[in-house]
Amino acid sequence: MSVNALDKRIGKSRTERLRERLFTVPLEISVDRFRLVTESYQETEGQPMIIRRAKALKKILEEMPITIFDDELIVGSFAKTSRGGPLFPELAAEWLLSDIDNFEKRTQDKFLISEESKQVIKELVPYWKGKTVWDRVVAQLPPETEAVREEKAQVFYPSLHMVSGFGHTNADYEMAMRKGFSRITDELKEKLNALDLTKPENLRKRLFYEAVIIVLEAGIVFAKRMAALARRLAEQEKNPVRKEELLKIAEINEWVPANPARTFHEALQTFWYVHLIMRLETNGLSHAPGRFDQYMYPYYKQDIEKGILSKEEAQELVDSTFIKLTEILNVFDTPTSHYHAGFPETQNMVVGGQTVDGRDATNDLTFICLEAMKNARTPQPNFGLRVHERTPDEVLMKAIEVIKVARQPQLFNDQVHIPAVLSQGANLEEARDYVCIGCVEPQVAKKAWGITNSSWFNMAKALELALNDGKDRMTGKQVGPHTGDPRKFSSLEEVMGAYRKQIEYFVKHMVIAVNTICEVHAELVPLPFTSVFHHDCLEEGKDVTWGGAKYNYAGVNGVGTANVGDSLAAIKKLVFEDQVITMAELMDVLDSNFEGKEDLRQMLLNRAPKLGSGDEYVDALTREALAIYDKEVKKYSTNRGGMFKPGHLSTSTNVPFGEVTGALPDGRKAGRPLADGVSPSHGSDKNGPTAVATSVARAVDAVLGCNGPLLNMKFSPSAVHDERGIRNLMGLIRTYFDLGGAHIQFNIVSRETLEKAQANPEEYKDLMVRVAGYSVFFTEINRDMQNDIIDRTEYSFTS
């Protein structure tokens with residue numbers, strides 16, 4: 001029977017119907033996981049923590065309410081509603097009491113919450129007092145580091161992982177498809193029975209293997225529950241097409257994930273179970289699907305050749321998977337929601353690129369995935385295309401067609417990212433097989449515990465402190481080290497020296513904070529299920545949070561690239577070279593936030609070179625400033641023995657970081673947003689897109705800053721409305737990548753459309769935009785973030 005029979009009867013495709021549900025179902029707090037994990041922790045008091053964690057996940061999988069929504073082909077959900085947000089009290093709980101009456105009113109990431117759910121929260125939060133990751137980190141941080149972390153100055157922000165789990169990783173989904181949970185469990189039982197428990201190192205391994213067996217067996221039970229539900233629904237179903245679908249769903253879930261996947265549909269369902277259960281274990285952002293078109297392709301090819309799957313059926317299944325990924329939502333406290341605005345789940349999927357032996361990796365599934373993003377037009381997955389010099393024009397043109405309607409995929413340059421991953425310690429085959437994590441972060445696939453969003457670092461604030469002897473202009477407090485009176489600086493070298501000392505001081509404390517947080521996670525929230533699908537954890541008998549993976553990174557991302565580069569250029573050009581303003585005069589106008597000195601502010605804005613203008617003068621200074629941060633970060637090691645990776649991306653942190661950053665020599669006023677990623681400051685990129693591409697490629701060393709840079713561009717829809725425009729954009733991408741640019745992403749949307757959406761949000765619920773390495777529905781971000789996107793320069797190829 002045709003998969004489109006029901007679609008034709010109803011008049012809308014399955015993808016359209018599934019997509020519509022995303023906008024009609026309200027965002028709602030779910031307390032089911034909160035209740036179950038609390039009950040489990042109460043039942044397992046005194047047991048080893050990794051066993052308690054395994055039993056908690058087992059209870060969740062065996063007892064959480066389950067649902068199969070209308071039209072679904074891939075089943076299993078994060079909560080009982082399709083856009084429900086579960087709670088993770090083991091990470092942080094007391095904040096819930098502060099937000100409980102604010103969820104529906106707060107300016108960012110609003111949720112409905114029932115009175116019944118409020119009562120459950122109030123009853124259960126007291127159990128968690130003193131037991132959470134947040135509580136332990138605050139108690140364990142050295143006093144000076146905690147004081148710096150707590151400062152309103154916000155030079156760095158590591159606090160996400162005090163309220164959220166670890167993610168930003170890529171699992172080996174293919175292993176689950178190839179082996180099935182039962183075979184993995186049997187292999188682990190053999191390992192467990194073979195342990196010599198007279199060897200001390202094996203005592204911890206025993207607990208780890210026991211925990212893994214518990215969660216894998218629970219995963220099988222979860223799928224069996226879904227199968228039983230599908231059969232019950234099939235018995236009640238009147239529509240013969242849907243009845244047949246439900247019976248097939250039952251058969252698939254009775255087989256996988258317990259057993260190896262035999263078909264494309266079974267492989268997709270297995271992928272989804274691994275992904276979903278990892279997210280139920282920990283609510284960390286960016287569990288990245290990785291190279292989906294590569295590991296799914298053998299199942300697709302096999303079914304096509306057997307004649308049991310059509311391309312249309314495969315397309316519908318992939319469309320459905322994309323929509324399932326968008327159902328996953330994190331619930332954050334109010335401050336965290338501003339630093340990670342609009343549900344940036346950043347479940348990064350990349351297609352295309354190269355094979356491990358250096359051939360072009362494009363296949364039929366590459367195009368199906370591109371078409372799925374065009375059909376689904378969803379923020380998730382965080383979708384990317386890897387590009388190299390042999391990437392067919394056909395693929396790149398298809399990608400641009402999709403970007404026009406879906407704002408995705410973002411584009412990654414293999415010529416830069418492969419060397420960047422080599423610099424992280426990978427071998428050539430691993431580097432060619434890289435994935436992108438989170439927003440844009442290149443990393444080894446399947447073998448790394450990367451935590452590439454460990455902290456955000458406000459480089460612009462560090463420069464502000466360097467230009468005020470370590471004192472915060474916004475509060476008047478001494479928050480950084482004394483680095484000299486800037487009024488007496490007589491050269492740019494003295495400015496750079498003060499900036500370097502501020503960077504050194506705050507990077508040191510950031511590293512202490514990140515490593516402390518990682519230590520606490522390893523102790524309180526180990527991840528036995530997630531560990532299964534990260535190479536070397538099973539071989540070593542070590543949880544991924546204990547350092548079980550082959551590679552153990554931490555990514556820390558500098559924010560305010562253009563502000564720092566432009567400010568240094570203004571000081572060098574206008575103070576020390578042209579001598580049209582003295583350092584004392586400059587400090588005075590910064591102290592006053594340019595009050596009564598708009599003429600000086602305009603001079604700083606217009607007479608000094610700006611990043612994005614194509615001027616090597618400022619590009620070189622920007623590169624030098626980034627290198628100071630990058631090299632300082634790379635001096636340190638993680639608590640798991642890996643490297644700290646510096647990057648230059650911002651998510652939405654450029655807005656709250658800007659709120660706490662004083663006036664800068666680039667002409668930016670206090671409190672205004674910082675530049676995002678490595679993009680030029682708004683309005684400073686006046687020489688067109690090619691100048692921006694040239695500038696950024698020259699200014700950013702993406703191998704030194706190997707956690708990845710992020711470049712945003714916004715084009716008028718008229719610029720790419722025809723084939724000529726598409727080819728112009730393709731030429732810009734090729735040129736930028738040939739120059740050494742690492743990443744680029746586009747919003748192809750007019751200012752007029754964005755302003756209409758801001759004024760009439762109900763009419764634009766499905767309008768997607770790129771923020772900084774991730775997509776959101778425009779109407780689900782706060783007004784400040786909306787304004788930041790509206791204010792970005794809009795390019796065309798005719799200006």
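Let's start with Phe-343, which is buried, with a relative accessible area of 6%. Please keep in mind that we are looking at a predicted model. You will find Phe-343 in the loop between helix H18, residues 334-339, and strand S6. Its backbone is worth a look too: phi is positive, about 60°, although Phe-343 is not a glycine. For background, most residues other than glycine have a negative phi.

There is another residue of this kind to show you. Gln-579 is not a glycine either, and its phi is positive, near 55°. Gln-579 sits in the loop that links helix H27, residues 561-577, with helix H28, residues 583-591. Is Gln-579 buried or exposed? Gln-579 is exposed, and its relative accessible area is 62%. So we have Phe-343 buried at 6%, and Gln-579 exposed at 62%.

Now let's go back to the loop of Phe-343 and walk on into strand S6. S6 covers residues 348-352 and is mostly covered, with five of its five residues buried. Which strand does S6 join? Five bridges connect S6 to strand S7, residues 382-387, and the two strands run parallel.

The peptide bond between Gln-380 and Pro-381 is cis, with omega about 0°. A cis bond also joins Gln-408 and Pro-409, where omega is about 10°. Pro-409 is placed in the loop between helix H20 and strand S8, residues 410-413. As a reminder, most peptide bonds are trans.

That brings us to H19 and H20 as a pair. Two packed helices are described by the angle between their axes and the distance between the axes. For H19 and H20, residues 393-406, the axes come within 9 Å and cross at roughly 15°. The two helices are therefore roughly parallel to each other, and their crossing is left-handed. On the H19 side, the residues at the meeting place include Phe-367, Leu-370 and Met-373. On the H20 side, Val-395, Ala-399 and Val-402 are among them.

Helix H4, residues 49-63, and helix H12, residues 201-236, have axes that come within 8 Å and cross at roughly 5°. That makes H4 roughly parallel to H12. Among the contact residues of H4 are Ile-50, Ala-54, Leu-57 and Leu-61, while H12 brings residues including Phe-208, Ala-211, Ile-214 and Phe-222.

Next, a sheet. Which strands make up the open sheet, and in what order? There are four of them, ordered S3-S12-S14-S15, and the pairing is mixed. The edges are S3, residues 156-157, and S15, residues 644-647, each pairing on one side only. S14, residues 554-559, pairs with S15 in the parallel sense over four bridges. Within that pairing, Gly-555 has Lys-645 of S15 as its bridge partner.

Two helices pack on this sheet. H24 touches S3, S12 (residues 455-458), S14 and S15, and its direction makes about 165° with that of S12. Helix H30, residues 616-633, touches S12, S14 and S15, and its direction makes about 165° with that of S15.

Staying with S15, look at where its residues point. Phe-644 and Pro-646 go one way, Lys-645 and Gly-647 go the other way, and all are buried. Opposite Phe-644 stands Ala-554.

My last stop is Pro-481, in the loop between helix H23, residues 459-466, and H24, residues 492-524. How exposed is Pro-481? Pro-481 is partly exposed, with a relative accessible area of 24%. Its C-alpha atom is separated by 7.7 Å from that of Lys-501, and these residues are 20 apart along the chain. Leaving aside neighbours within four places in sequence, Pro-481 contacts Asp-469, Gly-470, Lys-501, Gln-502, Tyr-505 and Phe-506.

Note on methods
Residues are numbered from 1 along each chain as its sequence is written. This is a predicted model: local features need pLDDT of at least 70, side-chain atom pairs count only at pLDDT 80 or more; totals for chains, interfaces and linings use all residues. Side-chain values use heavy atoms; hydrogens and water are left out. Buried means under 20% relative accessible area, exposed over 50%, partly exposed in between (1.4 Å probe, protein chains only). Two strands pair if DSSP finds at least two bridges between them. Contact means heavy atoms within 4.5 Å. Axes are lines fitted to C-alpha atoms, for helices over the stretch in contact, and angles run from 0 to 180 degrees between N-to-C directions. Angles under 35 degrees count as roughly parallel, over 145 as roughly antiparallel, 65 to 115 as roughly perpendicular and the rest as oblique. A crossing is left-handed if the near helix is turned anticlockwise from the far one by less than a right angle, and right-handed if clockwise.
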